[in-house]
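Work through the exercises below with the structure open beside you. Try each task before you read its solution.

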Amino acid sequence: MRIVLLGAPGAGKGTQANKISHKFNVPHISTGDILRHEIKNSTELGNKISKYVESGELVPDEFIIEIIKNKISSGQLENGFIMDGFPRNLKQAKMFSEMLDELGIELDKVINIAVSEDEIINRLSNRRICSSCKSIYSFNNDGKLEKCPKCGGELLKRKDDSAEVIKNRLEVYEAETRPLIDYYSDKGLLVNVDGSGSAEEITERILKVL
Ligand code: AP5
C-alpha cells in the first residue's frame, strides 16, 4: 500500500494514518512528527526549522526532501507507506514523483480528506497530544482527559494550535497545498473522502476506496 493523505490542517490525516497503518502494518510517515521530534531534541535541524513550524509556515523544501531521501535510503518505504503531511506543495510533489520513478514505484492513491473550516478550527483548538506515545486526543470526543489513557503520558497542546497560528496554517494550506488536489486529480490518483462524522466513520470510507 502506497498512499498519500491530503487535507487541511486538522482534517484528521494523523488520526486516519494511525488507524490504517496499524490495520495494514505499513509505516506512517508524518513529516510534522519528524520535524517536531527534531525540535524537541534541539538537533541542528530542529534549531533551524523551529521558527517555521511554530509560526505555521512551511519548512523550506530542501530540509523536507532530505528527510524523505533518508527514509528511502534506509529502506523504510520499500514495503509501502502512508504519507501524512508530505508532499505539501507542487515542488515537493514533483520531486516525490521523480524519487518514486527512480525506485520503480507507483503511488496507489491520494486520499483527500475534506472538512469544513469551522470544524477544523474546532478540532485543532481541542486537540491534545501525548508527550510520550504521541497519541492524538480531542477534548471534544474524548472528554477533558488529564493523562494519556494508553501510557499515562502528559497531554499537551501543540504550539501551532493557537488561534493566530491556525489562521496562518489555513492560509498556507490554501496557497501551497490545495493545488495538489488538481495535480493528483490530473494524474488520476485522487479520491475525495468526506471528513465529517466520527473518526471511525471516516476510516470506513477510506477502507472502501482503498
Ligand atoms: P503537520 O504536523 O503535518 O500538521 P498539519 O498538516 O497542519 O495537520 P495536523 O497534524 O494539524 O492535523 P491532522 O490533519 O493530522 O489532524 P489530526 O488527526 O491531528 O505540520 C505541522 C507543521 O510542520 C507545518 O505547519 C509546517 O511548518 C511543517 N511541515 C510538516 N510537513 C511539512 C512539509 N512536507 N513541508 C514543509 N513543512 C512541513 O486531528 C485533529 C484533531 O481532530 C485531533 O484532536 C483529533 O483527535 C480530532 N479528530 C480527528 N478526526 C476527527 C473526527 N472525525 N471527528 C472529530 N474530531 C476528530
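The exercises below go from the backbone to strands, rings and charges.

This is a predicted model, in which local features need pLDDT of at least 70, side-chain atom pairs count only at pLDDT 80 or more, and totals for chains, interfaces and linings use all residues. Residues are numbered from 1 along each chain as its sequence is written, and side-chain values use heavy atoms, with hydrogens and water left out.

**Exercise 1. Backbone angles**

Task: Find where Asn-25 and Lys-134 lie, and say how accessible each one is.

Solution: 
- Step 1. Recall the background: most residues other than glycine have a negative phi, and most peptide bonds are trans.
- Step 2. Asn-25 has a phi near 55°, a positive value in a residue other than glycine. Asn-25 sits in the loop between helix 1 (13-24) and strand 2 (28-30). Helices (H or I, at least four residues) and strands (E, at least two) are DSSP runs, numbered from the N terminus.
- Step 3. Asn-25 counts as exposed because its relative accessibility is 70%. The cut-offs are these: buried is under 20% relative accessible area, exposed is over 50%, and partly exposed is in between (1.4 Å probe, protein chains only).
- Step 4. Lys-134 is not a glycine either, yet its phi is positive, about 70°. Its loop runs between strand 5 (127-130) and strand 6 (136-138). At 41% relative accessibility, Lys-134 is partly exposed.

**Exercise 2. A peptide bond**

Task: Is the bond from Phe-86 to Pro-87 cis or trans?

Solution: 
- Step 1. Check omega. Its value is near -10°, and the bond is cis.
- Step 2. Pro-87 belongs to the loop between strand 3 (81-84) and helix 5 (90-103).

**Exercise 3. The neighbours of strand 3**

Task: Which way do the side chains of strand 3 point, and how do strand 1 and strand 2 run beside strand 3?

Solution: 
- Step 1. Phe-81 and Met-83 point one way, while Ile-82 and Asp-84 point the other way; all are buried.
- Step 2. Strand 1 (residues 2-6) runs parallel to strand 3, joined by four bridges. Two strands pair if DSSP finds at least two bridges between them. Ile-3 stands opposite Ile-82.
- Step 3. Strand 2 is also parallel to strand 3, with three bridges. Here Ile-29 has Met-83 as its bridge partner.

**Exercise 4. An open sheet**

Task: What is the strand order in the open sheet of three strands?

Solution: 
- Step 1. The order is 6-5-7, with antiparallel pairing.
- Step 2. Strand 6 and strand 7 (155-156) are the edge strands, since each pairs on one side only.
- Step 3. Two bridges hold the antiparallel pair of strand 5 and strand 7. Ile-129 stands opposite Leu-156 in strand 7.

**Exercise 5. Aromatic pairs**

Task: How many aromatic pairs are there?

Solution: 
- Step 1. Apply the rule: rings of Phe, Tyr and Trp (its six-membered ring) pair if their centres lie within 6.5 Å; planes under 30 degrees apart are stacked, over 60 edge-to-face, and the rest tilted. The count is three.
- Step 2. Tyr-183 and Tyr-184 form an edge-to-face pair, 4.9 Å centre to centre with 80° between the planes. Both are buried.
- Step 3. Phe-81, Phe-86 and Phe-96 are linked into a cluster by ring pairs.

**Exercise 6. Charged side chains**

Task: How many salt bridges does the whole structure hold, and which residues form a network?

Solution: 
- Step 1. The search finds 12 salt bridges. Each is a side-chain nitrogen of Lys or Arg within 4 Å of a carboxyl oxygen of Asp or Glu.
- Step 2. Glu-200 and Lys-19 form one, at 3.6 Å from N to O. This pair links distant parts of the chain: Glu-200 is in helix 9 (residues 199-209) and Lys-19 in helix 1, 181 residues apart.
- Step 3. Asp-160 bridges to Arg-158, with the closest N and O atoms 2.9 Å apart, and to Arg-169, at 3.7 Å.
- Step 4. Asp-160 counts as buried because its relative accessible area is 7%. Arg-169 is buried too, at 9% relative accessibility.
- Step 5. The network links Arg-127, Arg-158, Asp-160, Asp-161 and Arg-169.
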